Each structure stands twice: as structure tokens, then as C-alpha cells.
Amino acid sequence: MEKTANPTTKQTLIGTRVKKPDAPDKATGKTRYINDMVLPQMLIGKVLFAGRPHARIVRIDTTAAQALPGVHAVLTGQDATGLKFGFSRDNVALKDKVRCEHDEIAAVAAETEEIALRALALIEVEYEDLPGVFTPEAGAREDAPLIHDNFPGNKSLHFEFEHGDLAEAEAASDIIVDNVFRPHHVTHCCMGTSCAIADFDHNGKLTIWTQTQYPYNYKMDLAPALGINPGDIRVIQPPVGGAFGSKLDVYPYEPIAALLAKKTGRPVKVIYSREEEFKASPTRQAAIIHMRTGCTRDGVLTFRSADVLLDNGAYTSWGPTIPVIMMRTVSGHYRVPVVDFKAQAIYTNNPYAGSFRGYGNVQTTWATAQQMDMLADLVDMDPLAFHLKNAQRSGEVTPQKSFLRECALVECLEAAASASDYSRKRTEYAALRDAPGRYKKGIGLASSVHNAGGAKIHKSDGIGTILKMDDYARVTVITGASEIGQGIDAVITLIVAEELGVPLEHVTIVNNDSDVAPWDVGVHASRTTFIAGNGTRRAAQKAKAQILNAAERMLGEPTETLDLRGGQVVFERDGTPLIQLERLLRQMHFKAEPELVMVTDYYEPKSEPEGARHISDHSAAYSHAVHIAEITVDTLTGEITVDKVTAAQDVGRVINRMGLEGQVEGGLAIGLGYALSENMQIDKGMLKNACFRDYKLITAPEMPPLDLHFIESNCAEGPYGAKGISELPTIVIAPAIANALYNATGVRIFNPPMSPETVARAIHERRAQTNAGKVATPAEGLAV
Amino acid sequence: MSETMEAITTYLAPRRLDEALQAMADGDATVFCGGTDLAPQTESGARPYKSRLLNINRIEGLGGIAADGGEIRIGATTTVAEIRRSAALAEIAPVLVEAAEHFASEQIRNAASLGGNLCNASPAGDMSPPLLVLGASVELACWRDGAAHTRRVPLEQFFVGPGKSVKRPEELLTAVVFARPAPGFVGRFRKSGPRPALEISTVSVALGARVADGRLSEVRVAMGSVAPTPLRARHVEAALEGQPLDATTIAAAVAAAAEDAQPIDDVRASAWYRSHLVKVFVEEVLDDVRGN
Ligand SMILES: Cc1cc2nc3c(=O)[nH]c(=O)nc-3n(C[C@H](O)[C@H](O)[C@H](O)COP(=O)(O)OP(=O)(O)OC[C@H]3O[C@@H](n4cnc5c(N)ncnc54)[C@H](O)[C@@H]3O)c2cc1C
């Protein structure tokens with residue numbers, strides 16, 4: 001594929017469609033994922049899970065397991081005593097008390113998986129079951145069983161943000177909606193199940209092959225679980241089958257692999273079966289959101305308050321920190337003058353949550369976007385007009401000081417509404433709502449706001465980049481940016497080719513070894529194209545400057561008149577070729593005062609640390625998306641068919657169009673599953689549907705036709721104007737469908753997923769109420 | 001998990017039926033056809049393998065659809081995909097083709113066999129309701145006293161509980177047979193699950209009857225996933241038999257459905273939803289027949 005610009009004219013690659021460099025290998029099965037890896041002398045590690053939610057371990061006997069031929073090590077809680085890790089230092093690789101179903105009680109390293117499994121079966125454990133806590137409300141009760149002795153009241157993290165006078169704002173409101181939303185537990189379902197391979201050398205240095213998406217802080221987080229120095233950890237990231245936030249923390253199987261490797265002196269691989277993956281992976285945080293929003297009779301928002309109880313689960317990973325993003329939406333989703341946000345995470349004996357694409361905003365937008373729709377209905381306005389009336393414009397600042405420098409919310413609203421003929425259809429469908437007929441059509445609009453230039457939750461949101469060129473004008477970019485399938489490899493390649501005028505295929509990326517590549521905070525917060533895009537561009541421009549300076553000296557032409565195109569040094573004005581780039585590089589390298597093109601860059605975005613009070617411009621950019629869902633509801637079976645999704649998103653500027661489309665489509669698939677069918681059925685702490693038969697992902701036939709509109713607001717701080725894009729598609733779709741369901745049937749669902757049964761029941765109850773002569777006002781509006 | 005997997009000592013893939021029957025005669029063989037039920041069950045430890053694994057796919061005469069005579073005969077190894085594509089069945093028994101249409105995914109349909117679907121005896125098995133309304137029987141063969149013996153069991157007597165049938169361990173299901181439906185026969189099938197593709201039935205309903213002069217006769221109604229086995233809905237049938245197909249009759253049939261369906265709560269649906277769906281589907285299939 002020759003994507004290089006014709007030397008005579010400058011043809012930009014920005015906004016074109018570029019394939020992922022690893023796509024052919026993945027499509028043909030050549031890629032060796034971490035799951036496929038085998039090292040010489042490697043042992044297999046297997047974990048004994050508790051299989052009960054809350055218990056004391058009375059006795060554990062590993063004698064028979066130890067004695068089994070082929071077993072090299074058996075570890076229990078005693079081998080991990082004191083090695084606390086995790087956000088709140090409440091977790092340990094192997095437990096001495098059971099706090100959730102998947103607590104790791106013992107681990108075995110053996111020659112084969114079969115032997116390891118047999119050894120597990122030989123471990124005798126006597127438990128004394130304890131009363132459990134299975135909802136945050138129950139955990140918050142005074143007489144609730146205590147899950148961690150050192151966390152009284154089962155209280156985990158707490159967050160607050162207030163702005164303005166709530167009482168006054170309530171008094172000034174003509175309408176207030178007041179609802180409780182209960183977003184549920186879902187999980188990432190990565191195609192590649194969790195896997196780690198650990199090996200120690202004789203100096204005590206650990207090499208760990210892992211699926212992590214944040215290799216540098218990973219070292220910091222893993223070290224305490226092993227009692228070693230983070231500097232003694234080398235992280236290698238082979239290709240992974242998905243992450244989506246699930247690999248943004250250390251989970252016990254990783255230190256377990258390392259502890260087994262240490263004990264045996266051999267490499268140890270731990271890999272989950274699909275059932276283990278379901279049970280032992282992090283979840284999206286379940287929450288109870290009590291939200292109130294007010295507005296005046298003419299549709300101006302007056303305040304928004306949210307009181308959130310989070311189901312922490314048994315340990316604290318990144319899940320309970322999601323209020324940091326939840327509150328940005330509560331305070332910044334449309335112009336909200338007065339805000340009151342509180343969130344308390346409560347320990348329970350349920351599976352515990354990590355981070356997951358959307359990071360709290362999926363849950364919050366489920367509530368805010370439905371209340372926007374309810375308010376519009378109650379003030380008798382077209383929701384589009386209501387949204388436009390309250391939409392921020394460029395230059396506005398939210399109560400938390402998010403600076404919406406380039407804001408394209410209005411453009412997104414208008415593009416999506418006009419492409420889908422929203423207002424006309426909404427009126428038409430609402431009029432048919434109570435007419436006879438089994439199948440009802442509905443259309444629903446939702447939007448959200450999200451950080452689009454990183455999020456400075458850690459002390460640094462930066463990235464290091466090293467760019468070098470060889471004597472043949474091949475470029476290697478050594479970058480902190482991890483590739484977990486999201487496509488930063490294509491973006492980096494495209495940017496280097498754009499800046500240095502080399503073919504895409506001449507760019508190699510090295511980004512999977514923490515001993516080689518420099519710091520990056522990780523793949524999260526929709527940040528990598530924004531942050532690594534800037535880092536790559538800056539490094540490439542430094543290299544270009546060095547090359548053009550050398551060319552000026554050698555050719556006697558001033559640098560301003562020169563450019564790099566098509567593998568040549570050319571005249572900027574008309575593209576006349578002057579010298580082959582590779583020849584120039586060799587001349588630079590082999591002359592009397594030799595120089596090599598080898599540049600470094602450290603880019604730190606202009607954003608402010610989150611801070612304890614949460615008043616800061618914590619991202620270098622913010623972005624909006626609007627989704628309009630058109631659905632058909634079978635009012636008898638409750639089945640929702642999504643006929644079409646129109647999505648408009650402020651992307652700043654399109655970099656790789658193919659990657660962008662892929663991210664939006666993939667994000668929508670996750671959001672649709674969340675909305676319609678995915679649900680971890682957890683009964684008293686035990687997962688009942690740990691398989692794909694009963695845990696319903698969206699499959700290909702359920703993917704609706706998509707009409708995507710990319711709005712280019714041209715972000716001053718972003719690479720070529722781009723913003724981060726990948727979480728919003730997951731965030732916005734569920735409430736768009738909920739609003740469409742209301743439009744179609746008059747039914748509101750507060751507790752996702754909108755499964756056929758849930759919808760059928762709600763419609764059935766509404767009809768029963770209507771027949772009984774009661775007025776059904778699902779919007780629970782309160783005129784004050 | 002593999003620790004519970006019993007060792008398979010012998011693998012057999014005979015070409016002749018008598019060889020297969022002999023290999024099963026002591027009841028110590030696991031029959032393997034498409035493996036789409038067997039593999040997940042053995043893999044999860046839900047059931048162990050027996051010492052002999054018997055692949056029946058190569059047995060001559062065990063597959064294929066014979067639809068020429070008065071009796072229709074579908075061989076045990078016939079795949080759901082073959083049923084779905086069969087022009088003859090589309091003509092004679094579209095209700096069966098309809099059920100094959102809503103079965104799993106293309107990949108699974110290519111492997112899944114009719115015999116395996118019935119022998120797995122799941123209350124959610126999608127081939128059962130249409131075959132029940134077609135009045136089908138199964139043929140069970142075994143080797144005894146140096147010869148093959150075959151018996152016929154009406155399908156409605158075949159199932160005895162979830163995963164259980166009257167088939168003995170030494171018996172092989174060789175074919176499904178049913179009489180060519182008489183002129184005027186109509187059949188309908190409806191199933192539901194939380195998503196359109198790759199779905200185990202939350203509830204399924206099939207109807208088979210003769211329609212003449214706006215009246216139903218020889219009515220058979222079958223339901224899946226509402227009881228421990230697929231069942232004939234006798235109360236619904238009684239409400240319909242000989243009655244004019246009008247709103248009153250349909251209402252009576254819908255009301256009767258509640259007496260036939262005894263669903264439970266499980267991870268896939270609540271008992272309330274299943275009872276609700278059964279009524280919806282009974283009404284839907286009857287309305288549909290009435291409309292035509
Ligand atoms: C992803 C997925 C989706 C599915 N979706 C559906 C669906 O939509 N609807 C549905 O009904 N089912 C579904 N199934 C279940 C399964 O595919 C069917 O039941 C299928 O028809 C089984 O046929 P098989 O040939 O694969 O049986 P096998 O797995 O080979 O055998 C099933 C059982 O029957 C026994 N057996 C097989 N043939 C014979 C015989 N001739 N005589 C005696 N014993 C025999 C075997 O020993 C075993 O106990 C699904 C399965 C999967 C994995």
C-alpha cells in the first residue's frame with residue numbers, strides 16, 4: 001500500500017482511512033497473543049477460589065496437593081500475609097478470610113494444567129460461613145456484618161462537590177424530577193481471558209508478561225503485593241484480546257503468578273477459563289443514583305443533585321473512584337447553575353468493580369439524559385429545543401471549572417436531529433403511543449460530555465516518546481502508549497508518515513516493554529490519540545527540524561523552503577525533489593561531524609490536577625456526543641429492536657477515519673449490550689450466569705444500522721485539532737434507547753438492562769394501571 | 001473442568017449401524033453427533049464421558065430426509081441446517097423449518113443434529129414442539145441376542161424430565177417419523193429470548209391443526225421451556241378442538257394456557273414472564289391462522 005503523498009503536491013494523511021498495522025496478522029491468525037505464549041520450563045498456575053461470599057477459613061490443608069507428583073508449589077494466605085495492595089490497600093493476592101465468591105484461597109504451580117487442577121481438588125478447606133452484605137444499602141446499616149475490620153461501617157471512598165445554593169435553586173424551580181436509578185453490574189468480556197506469565201532472575205528482578213494497559217503505574221501497584229521494589233519489575237505487553245479498562249489495575253492472579261514463580265524459580269503462567277473470567281474479572285460499578293433536576297417553566301435548568309451509593313464489592317479497585325467522572329457530568333452535562341453531588345462507596349460481599357470504558361459516565365448519563373427528557377416532557381417542549389436552550393457554547397466553564405474551549409454540543413444536537421428527522425418522528429410516535437397495535441415505534445435523544453484530552457487524576461498525564469531513524473529512512477517510535485486494540489499503532493504511524501513524508505509501512509512502533517519505552521500514564525480516559533498523538537507529532541517535528549537543518553547545510557537552501565514528502569527532501573513551494581531522504585540521512589551519519597536522527601520528547605498536557613476539591617480544568621479538552629435511537633417495541637414480549645442509531649460526536653478533527661469508525665461502532669456495541677441484554681445476575685454474592693449462553697452480549701445481527709456524523713471543532717490543544725473519542729459512544733446510547741422507549745410506550749425504565757422481560761413487565765403494569773383508571777405518569781414530575 | 005473428565009479409552013466411528021449398536025450394547029458408550037450439547041456439558045463437568053466415544057456421523061443411512069411416501073422420515077444425524085434448507089419439508093411441514101430458522105446460529109445449525117436435539121431432552125429444545133404437533137415418533141434401536149431391534153416411541157412419551165428420556169443407554173435414536181399431514185393442516189411455531197440470534201428459548205409454542213370451514217380439528221399444541229419437559233398443552237387443545245376460530249375461542253385458549261404451563265424462575269426468565277409469553281404466543285399463532 002503506497003499512502004505516501006505524491007512528491008509534487010502535499011497530500012495530507014490526516015482524516016484518511018489507514019488500516020491497523022497488526023490487522024493482517026490478526027485476521028490471518030498469525031498474532032501470538034499472551035494467551036498463546038509458552039516459555040521454556042514454564043509451569044502452569046491455577047487458583048482455588050472460595051466459591052462462597054463471606055466466610056472465615058477455619059483450616060486449610062495442602063499436604064495431599066503438595067505431595068502430588070508434578071506439583072512444584074502450593075501457596076495459601078500465609079504466603080501473602082502483609083502484602084497488601086490495591087487502591088485502599090485492602091486486597092492481598094491470597095486471602096486468609098473470604099470476602100467474595102472469587103476470593104483466591106490457594107494457588108498451585110504444576111507441570112501441566114491437569115496436574116494443577118487435580119492438586120486444587122486435593123486441597124482441603126474448612127470454612128465457617130458468615131452473614132453477608134449484598135447491597136450497598138444493607139452494608140450501610142448500623143448492624144451490618146463488617147467486611148474489613150479496618151473499614152468501619154463498611155465505608156469505602158467518599159466524594160462530594162457542591163456549587164451554589166441548593167435550597168434557593170429548588171425554590172426557584174417550577175418543575176423538579178426526582179428518581180432513583182439503579183445501574184447494574186456488567187463485565188468487559190474480553191475475548192482473551194486474563195493471563196499473566198511471571199519469571200524472576202537471580203538478582204530478584206521480576207519480568208511479567210501481562211495484558212496491562214498502564215505498564216508504568218502497574219509496577220508501582222504490583223510491587224507491594226510482592227514486597228519488592230517497583231524498579232525491580234519489567235513489564236512486557238504481548239498482544240492482548242481486549243481490555244476496555246479491565247486491565248487498568250493489578251488483580252490477584254498477577255501477583256499470584258509472580259509469587260509462584262518466586263517460589264519455584266521457574267516461569268509460571270496463570271490463565272483463566274471463561275467461567276473464571278466471568279467470576280473473577282472486575283465489573284462496571286453498580287450504583288444507586290438518587291437524582292433530582294429542576295427547571296423553570298420556560299425550560300431553563302435550575303439545579304441538579306445526585307446522591308450516589310456505590311456497590312464497592314469486597315475490595316477497592318478503580319471502581320469506587322468513578323465519582324470523579326460522575327460528578328463532572330452531574331455538574332457539566334448542560335448548563336447547570338447549582339450542583340450538589342455526593343457519593344459513598346460501601347463494601348459488600350459482591351464481585352468488585354474496576355474501570356470500564358465510560359468510567360462512571362455510563363451510569364450518570366443513564367440518569368441525567370433521562371431526566372433531561374422527562375423535564376422537556378413536563379414543560380411541554382421538544383427535547384431538542386430543551387437541550388439547545390441549556391446547551392453550553394464554546395468558551396463556557398462548568399461549575400467544576402472544566403473549560404469548554406471548543407464546544408460543539410449545539411452542532412452535534414442539530415446534526416443528529418436533522419439527519420434522523422427527530423422532532424417530527426417524536427411527535428408522531430407519541431401521538432400513536434396509546435393507539436391500538438402491538439408494535440410501537442419510538443425515537444429518543446440523549447447526549448453526554450466527557451473528558452477528551454486525558455484526565456489528570458494521577459500526578460502526571462504525560463507521555464514520553466523516542467523517535468529514531470536508521471540509514472534507510474525507516475522510523476522507529478519508542479513510545480509509552482500501549483496498544484490494546486484501540487488503534488494507537490495506526491495513529492502513530494499516520495502521524496509519523498504525515499510529518500516525515502515516509503511510507504506508513506516504514507514506521508515501526510516499540511511500545512511493549514517498560515525497560516525500553518518511556519513513561520505514559522496508560523490507556524484510559526479516551527486519552528491516547530490526544531496525548532500520544534501530540535507526543536508523536538512533537539517528536540516527529542523535532543526530527544524533521546534536525547533533518548531540514550542538515551539539508552540546509554548540505555544543499556544551501558534555507559529550511560523554510562524545504563519539506564519532506566514521498567521519501568524525499570523537496571522544495572516546499574512546488575515539491576521539486578532535491579535529495580532522497582535516506583541518502584541525506586546516510587550523509588548526515590557518515591560525514592566528518594556525524595549526527596544520527598534520534599530525538600526524545602516528553603509531553604504533558606496543559607491540564608490541572610483533579611485536586612481534593614474537584615475544582616480544576618482536569619482535562620486538556622472536553623467533548624460531546626449526541627445519540628438518537630430509533631426503535632420498535634413489541635409491547636407484548638417487551639422485545640426492543642433498534643432500527644437505527646444516528647450519532648453525532650465532536651471529534652475535534654478526524655485523524656484515522658477507519659479507526660474512529662471502529663471505535664464508535666465498538667463503543668456502541670458495548671453500550672447496546674449494557675442497555676438491552678448484558679447483566680451479571682448476582683444472587684447473594686454468587687454469579688449465576690458465568691457463561692456466554694446466559695450472559696448476553698450483543699451479536700452481529702443485533703447491531704443496528706449506524707449513521708455517524710463527525711463534527712470537527714478543531715481543538716487548539718489536540719494533535720491536528722483532534723479530541724479523544726472512545727468512551728462517549730458507550731456512554732450515550734442506553735439513555736437514548738430509554739428515551740425512545742418512553743416515546744414509544746410511555747414507559748420509563750430506571751434499572752437497566754431494558755431486557756424483554758423488564759420492558760414487558762413495565763408495559764403490562766402501565767396498562768393495568770391505566771385500566772384501573774389511574775393516571776400513569778412515569779416521569780414522576782413534581783410541580784412545585 | 002477437565003479434572004472431572006473421565007478418560008476415553010476407545011474412539012469409534014463406524015460406517016454400519018449394527019457395528020454402532022454392538023459398540024453400545026453394554027451401555028458404556030457416549031454417543032457423539034454434532035457435539036454442540038455434549039462438548040459444553042463434558043467440558044463444564046456437568047457430565048462425564050463413558051469409556052467409549054462413539055461418533056455416529058459416518059453411519060450409512062442414519063442421515064437424510066425421506067419425504068416421498070405417506071410417512072416422513074428424518075434420519076437422526078440430519079442437521080438443523082439441512083432441515084432449514086429442505087424444500088420437501090418446507091412443503092410438507094413448514095412448522096419444522098420455521099423452528100430450524102430460529103435455531104442458534106449458522107455455525108451451530110451446521111453441526112447440530114435432530115437426534116442430538118431430542119436425546120439431549122432439554123425442555124428448551126427447539127425441534128420438540130413442532131415435532132410434537134406433527135404427531136411424530138422416534139425410532140430407538142439396540143443390539144440384543146445377536147440382532148438389531150427397533151422400537152417406536154411417540155415423542156410425547158419420550159421425554160421424562162430435564163435431560164431425561166425413556167431411551168436406554170444401549171439405544172440409539174435412528175430416526176424421527178411422522179405421518180404426512182393431511183390437506184388443510186396448518187402449523188405455527190414461535191419462540192422468544194432476550195436477543196434475536198443465538199438464543200435458548202425462554203418459551204416456545206407450536207400449533208398444528210386442521211382447519212376447515214373456520215373450525216379447528218385434530219388440534220395439537222406444544223410448549224417448550226414451561227415445564228420439566230416439552231409438553232402437549234392439553235387444556236389449550238381442548239379449548240380449541242372442534243371450535244370455530246373466533247375471538248371467544250382464542251380467549252378461551254389463552255386462558256387455558258395458564259393451566260398447561262408450569263414455568264419456573266431461572267436465570268433466563270421469571271415464571272411470570274414465561275406464563276405471560278405463553279399466552280402471548282398462543283394468541284399470536286391463533287390470530288395468525290385466523291388471519292390466513
Ligand atoms: C451456541 C449454542 C446455541 C444453541 N442454540 C440452540 C437453539 O437455539 N435451540 C436448540 O434447541 N438448541 C440449541 N443448542 C443446543 C444444541 O445445539 C442442540 O440441542 C443440538 O441439536 C444438539 O445436537 P448435536 O448433534 O450437537 O448433539 P450432541 O451434542 O452430539 O449430542 C447431544 C446428546 O444426545 C446424545 N445423542 C446424540 N445423538 C444421538 C442419537 N442419535 N442417539 C442417541 N443419543 C444421541 C449424545 O450422547 C448427547 O447426550 C445450542 C447449542 C449451542 C452450543
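A residue counts as buried when its relative accessible area is under 20%. Asp513(A) has 10% relative accessibility, so Asp513(A) counts as buried. This description concerns a predicted model.

Asp513(A) has a charged partner. Arg234(A) forms a salt bridge with Asp513(A), and the closest N and O atoms are 2.5 Å apart. Arg234(A) belongs to strand β13 (residues 233–236) of chain A, while Asp513(A) sits in the loop between β23 (507–510) and α15, so the pair ties together parts 279 residues apart in sequence.

Over all chains, the structure holds 75 of them. In chain A, the side chains of Glu661(A) and Arg17(A) meet at 2.8 Å, N to O. This pair links distant parts of the chain, 644 residues apart. Glu661(A) is in helix α17 (residues 657–676), and Arg17(A) is in the segment before α1 (23–28). Arg17(A) is partly exposed, with a relative accessible area of 40%.

A local case occurs in chain B. Glu106(B) forms a salt bridge with Arg109(B), with 2.8 Å between the closest N and O atoms. The two residues are three apart in helix α6 (residues 106–111) of chain B, so about one helical turn separates them. Glu106(B) is partly exposed at 35% relative accessibility. Arg109(B), in contrast, is buried, with a relative accessible area of 7%. Shared partners also build a network in chain A: salt bridges join Lys20(A), Asp22(A), Lys26(A), Glu483(A) and Asp489(A).

The two chains meet at an interface. There, 23 residues of chain B are in contact with 22 residues of chain A. The area buried between the chains is about 2100 Å². Carbon and sulfur atoms give 57% of that area. Three salt bridges are found across the interface. One joins the side chains of Arg268(B) and Asp694(A), at 3.1 Å from N to O. On the side of chain B that touches chain A, the elements giving two or more residues are β11 (185–192) and α12 (271–291). Helix α12(B) supplies the largest share of that side, seven residues.

Several individual residues were examined for their surroundings. Lys95(A) lies in the loop between β5 (91–92) and β6 (97–98) of chain A. Its relative accessible area is 2%, so Lys95(A) is buried. The side chain of Lys95(A) makes polar contacts with two side chains described here. One is that of Asn91(A), at 2.9 Å. Another is that of Glu104(A), at 2.7 Å. With residues up to four places away in sequence not counted, Lys95(A) touches Ile57(A), Gly77(A), Asp103(A), Glu104(A), Ile105(A), Pro252(A) and Tyr315(A).

In chain B, Thr174(B) is placed in strand β10 (residues 172–179). Thr174(B) is buried, with a relative accessible area of 7%. Neighbours within four places in sequence aside, Thr174(B) is in contact with Leu17(B), Leu62(B), Gly75(B), Ala76(B), Glu139(B) and Ala141(B).

Ile737(A) is found in helix α18 (residues 728–745) of chain A. The relative accessible area of Ile737(A) is 0%, so this residue is buried. Beyond its neighbours within four places in sequence, Ile737(A) is in contact with Ala629(A), Ile631(A), Ile640(A), Val642(A), Leu672(A), Ala675(A), Leu676(A) and Met754(A). Arg52(A) lies 685 residues from Ile737(A) along the chain, and 36 Å separates their C-alpha atoms.

The surface of chain A also carries a nonpolar patch. Met554(A), Leu555(A) and Leu578(A) form the patch, with about 190 Å² of accessible area together. Leu555(A) lies in helix α15 (residues 528–555) of chain A. At 31% relative accessibility, Leu555(A) counts as partly exposed. Patch residues need over 30% relative accessible area.

Key. Residues are numbered from 1 along each chain as its sequence is written. Chains are lettered from A and ligands numbered from 1 in the order in which they are written. This is a predicted model: local features need pLDDT of at least 70, side-chain atom pairs count only at pLDDT 80 or more; totals for chains, interfaces and linings use all residues. Side-chain values use heavy atoms; hydrogens and water are left out. Patches are made of residues with over 30% relative accessible area and no salt bridge: like charges are joined within 9 Å, nonpolar side chains (Val, Leu, Ile, Met, Phe, Trp, Tyr) within 5 Å. Accessible areas come from the Shrake-Rupley method with a 1.4 Å probe; for residues, only the protein chains shown count as cover. A salt bridge is a side-chain nitrogen of Lys or Arg within 4 Å of a carboxyl oxygen of Asp or Glu. Helices (H or I, at least four residues) and strands (E, at least two) are DSSP runs, numbered from the N terminus. Buried means under 20% relative accessible area, exposed over 50%, partly exposed in between (1.4 Å probe, protein chains only). Contact means heavy atoms within 4.5 Å. Buried area is the accessible area (1.4 Å probe) that two parts lose on being put together, summed over both. A polar contact is a pair of N or O atoms within 3.5 Å; within protein, one must be able to donate a hydrogen and the other to accept it, and residues adjacent in sequence count only if both atoms are side-chain atoms.
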